[in-house]
Amino acid sequence: MKEKILNNITLKLLAVIFSIVIWILIVNSYDPYSSVTFSGISVTLENGDVLTDMGYTYSVLDGSRISVTLSGPSSKVTALNSSNVIATADLSTLRDNSDYVDITVRVVRNGRAVEDVTATPSQTSVRLGIENRSTQTFDIQLTTVGEPESDYAILNGSITPSTVTISGASTDVENIALVSAVYDVSGLNHDIDDTAAIMLYDSSGNTISTDNLSLSTRQVHYTADVSLSKEVPLILTTSGKPAAGYKVNQISPDSDTITISGDSEVISSISEIAIPSDALNVEGLSDSTTFRLWLEDYLPDNISLVSDSMVSVRVEIEPEATGTVTLPSSAVTAVNVPDGLSAQMSGRDLTVQVEGSQSVISSLTAEGLSATVNAAGLSAGTQSVTVDFSPPSGAAVTGEYQMTLTLTRQTTTTAAATESRHSTDMDSTQAQADSEGILSGN
């Protein structure tokens, strides 16, 4: 028996090999071996809580998406697509002092592993950036962009919640300089009850991506009243007397108007906001002083403030000074001169006594006194009239001053000359019209 098996052993082995080759050729002719590559396969990270529980945070530096080549019988490979390729990286297998995690690729179809198909990834590991994890709580600042409809203002704005807790890599969290809830109010004329998205900014005002950060909330609830607004002047007066030899020179608020808002009927009746004089009490003062006023204290009921709630008022106090200004007749103007009369001022120069703050008195001129005489109701002739003055703020004229005013009626010669010129002008106009009529053939 043994001799029969070993007889012609070489030929028998060749026959077996030939049979195997023939079988492979037959199989391949019906189901040939092929391969296909899928790109953009996402790698899913598993067991990330292993790192976060130890106080670390991580991000994928390389290997978040890979290409995978599937090889196997054509009948199986051609029936697959990218959704059948599952790529994972188990962070629990991360070794100490390493930032690489191996990638495992499986081929699954209908919930079962596909046999006889080999999956080869373009790279075998994911590289992570691992940092200490940090958590901070930030105040949320409301920021509105745009402007509401004309003559409307936004009041009593509030957001809920007012803080947000942010977790992430220490370097990312420490880079946050401002947390703001941003809302566009362009063209609004009605109350606001809406949500506003939270934005993060660094110290240079650049926005920070929240992709790698965990926020306790990503939006806030924003409510506000939108009411009619109006700009009105701020009226300021002082009370009391400065120290002996001193006087108030000027009252200078950092804004002489304020914007208020409220019901249309109430706001339409307000033309100004007058601050009580006792709010600016200068009794006994010899130096300039700045007062800070909280404007809400002086607003009528049902009126709200849109502009800054505080105004700074600089009250300048200077030593009193006296002086004189020479006033020639040419510097005095006659006003309200009756029709048909012409006015001429005459008389000696007046020495006008003035008093006030030193800085104003030292630079005061005759023109600065704005001297006038009122000719209303006067008739032709020469008469003595009282001079009126309108000096600049911080100065006052003391005493009463008289000057001579001559009112002259227009003479007949002057009237005739005027009538002659008027007649000549009419004749010239008529002659021009006649000439144009002849030239046009009419």
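Student: Which residue in E28 stands opposite Gln 383?

Tutor: Happy to start there, keeping in mind that this is a predicted model, where local features need pLDDT of at least 70, side-chain atom pairs count only at pLDDT 80 or more, and totals for chains, interfaces and linings use all residues. Residues are numbered from 1 along each chain as its sequence is written, and side-chain values use heavy atoms, with hydrogens and water left out. E26 and strand E28 (residues 402-409) run antiparallel and are joined by six bridges; strands pair if DSSP finds at least two bridges between them. The residue of E28 opposite Gln 383 is Leu 405.

Student: Is Ser 170 buried or exposed?

Tutor: Ser 170 lies in helix H5 (residues 170-174). Buried means under 20% relative accessible area, exposed over 50%, and partly exposed in between (1.4 Å probe, protein chains only). At 17%, Ser 170 is therefore buried.

Student: And Met 54, what is its relative accessible area?

Tutor: Met 54 sits in the loop between helix H3 (49-52) and strand E2 (56-62). Met 54 counts as exposed, because its relative accessible area is 53%.

Key
Helices (H or I, at least four residues) and strands (E, at least two) are DSSP runs, numbered from the N terminus.
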